[in-house]
Amino acid sequence: MKRIIIIEDELSIAELERDYLEIDGFDVDIEQNGYTGLQRTLAENYDLVILDLMLPEIDGFEICKRIRRKKEVPIMMVSAKKEDIDKIRGLGLGADDYMTKPFSPAELVARVKSHLSRYERLVGHKDEGEEDIKVKGLVINKNARRVYLNGKEVAFTAKEFDLLIFLASNPNRVFSKEHIFDRIWGENSFGELATVAVHIRKIREKIEKDTSNPEFIETVWGAGYRFTI
Ligand code: CA
């Protein structure tokens with residue numbers, strides 16, 4: 001059974017969300033306190049986090065940031081303010097989705113399912129003991145979702161890792177921005193094509209010696225990107 005944590009100070013909203021998710025067979029916990037919610041998310045193994053933005057003491061932005069430092073779990077952020085979406089994007093918090101209140105519980109459930117299945121597809125087959133990808137001092141450990149450069153671990157956000165592993169698993173093939181966006185973010189996901197370029201840039205800053213002359217992820221002008229080995 002998939003486990004979901006709802007971090008939301010308004011109990012009536014949290015309970016409504018929980019009721020709908022439970023009907024669909026999810027195991028749901030509610031935390032009304034941001035700090036406790038954060039600690040619990042880090043300490044336990046949830047499959048997805050539904051995170052309200054406006055919480056007393058510690059807000060959803062900060063919680064999202066702190067979860068991302070440690071975990072790849074999908075995070076859906078919820079807020080009453082539409083303008084928060086720009087802030088979430090601008091801050092690059094690593095949230096997977098965003099919903100504005102009020103939303104229909106059915107839509108929430110649909111989005112939860114879609115994020116869970118995408119995450120499963122990307123992480124996939126945990127028990128099959130897939131081999132690490134090793135290229136020129138770069139080691140990508142699929143199972144642990146960790147990246148090492150010359151023996152030193154490099155921190156990756158969930159989407160950066162998804163993108164890197166996707167390209168590296170299909171070496172020397174060119175993928176368009178559209179293809180990458182659909183694969184990593186999902187066709188109906190919020191976000192724009194420019195997101196792909198932003199993530200490529202961030203990955204290059206982490207693994208390339210010279211970002212203007214990349215040796216791992218090449219730009220193929222007019223076509224897209226290619227991971228070269
Ligand atoms: Ca709130």
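Predicted model: local features only at pLDDT ≥ 70, side-chain atom pairs only at ≥ 80, totals over all residues.

Me: At roughly what angle do the axes of helix α6 and helix α7 cross?
Reply: Residues are numbered from 1 along each chain as its sequence is written, and side-chain values use heavy atoms, with hydrogens and water left out. Helices (H or I, at least four residues) and strands (E, at least two) are DSSP runs numbered from the N terminus, while axes are lines fitted to C-alpha atoms, for helices over the stretch in contact, with angles from 0 to 180 degrees between N-to-C directions. The axes of α6 (residues 158-169) and α7 (residues 177-184) come within 10 Å, and they cross at roughly 120°.

Me: What does that make α6 relative to α7?
Reply: Angles under 35 degrees count as roughly parallel, over 145 as roughly antiparallel, 65 to 115 as roughly perpendicular, and the rest as oblique. With the crossing at roughly 120°, α6 is therefore, relative to α7, oblique.

Me: Is the crossing of α6 and α7 left-handed or right-handed?
Reply: A crossing is left-handed if the near helix is turned anticlockwise from the far one by less than a right angle, and right-handed if clockwise. For α6 and α7, the crossing is right-handed.

Me: How many charged residues are in the contact of α6 with α7?
Reply: Contact means heavy atoms within 4.5 Å. Lys159, Asp162, Leu163, Phe166 and Leu167 of α6 make it with His179, Ile180, Arg183 and Ile184 of α7. Ala, Val, Leu, Ile, Met, Phe, Trp, Tyr, Cys and Pro count as nonpolar, Asp, Glu, Lys and Arg as charged, and the others, Gly among them, as polar. By class, the contact has 5 nonpolar residues, 1 polar, and, for charged residues, 3.

Me: What about α2 and α3: what does their angle make them?
Reply: Helix α2 (residues 34-43) and helix α3 (residues 60-70) pack with their axes 10 Å apart, at an angle of about 15°. That makes α2, relative to α3, roughly parallel.

Me: How many nonpolar residues does the contact of α1 with α5 have?
Reply: The axes of α1 and α5 come within 9 Å and cross at roughly 60°, which makes α1 oblique to α5. Leu16, Glu17, Tyr20 and Leu21 in α1 meet Pro105, Ala106, Leu108, Val109 and Val112 in α5. The contact has no polar residues and 1 charged, and its nonpolar residues number 8.

Me: Which strands are at the edges of the open sheet of 5 strands?
Reply: Two strands pair if DSSP finds at least two bridges between them. The order is β2-β1-β3-β4-β5, with parallel pairing. Pairing on one side only are the edge strands, β2 (27-31) and β5 (97-100).

Me: At about what angle does helix α1 run to β2?
Reply: Helix α1 (residues 11-23) lies across β1, β2 and β3. Its angle to β2 is about 170°.

Me: Where is the cis peptide bond's Pro102?
Reply: Most peptide bonds are trans. The bond from Lys101 to Pro102 is cis, with omega near -5°. Pro102 sits in the loop between β5 and α5.

Me: What is the phi of Arg145?
Reply: Most residues other than glycine have a negative phi. Arg145, found in the loop between β7 (138-141) and β8 (146-149), is not a glycine, yet its phi is positive, about 55°.
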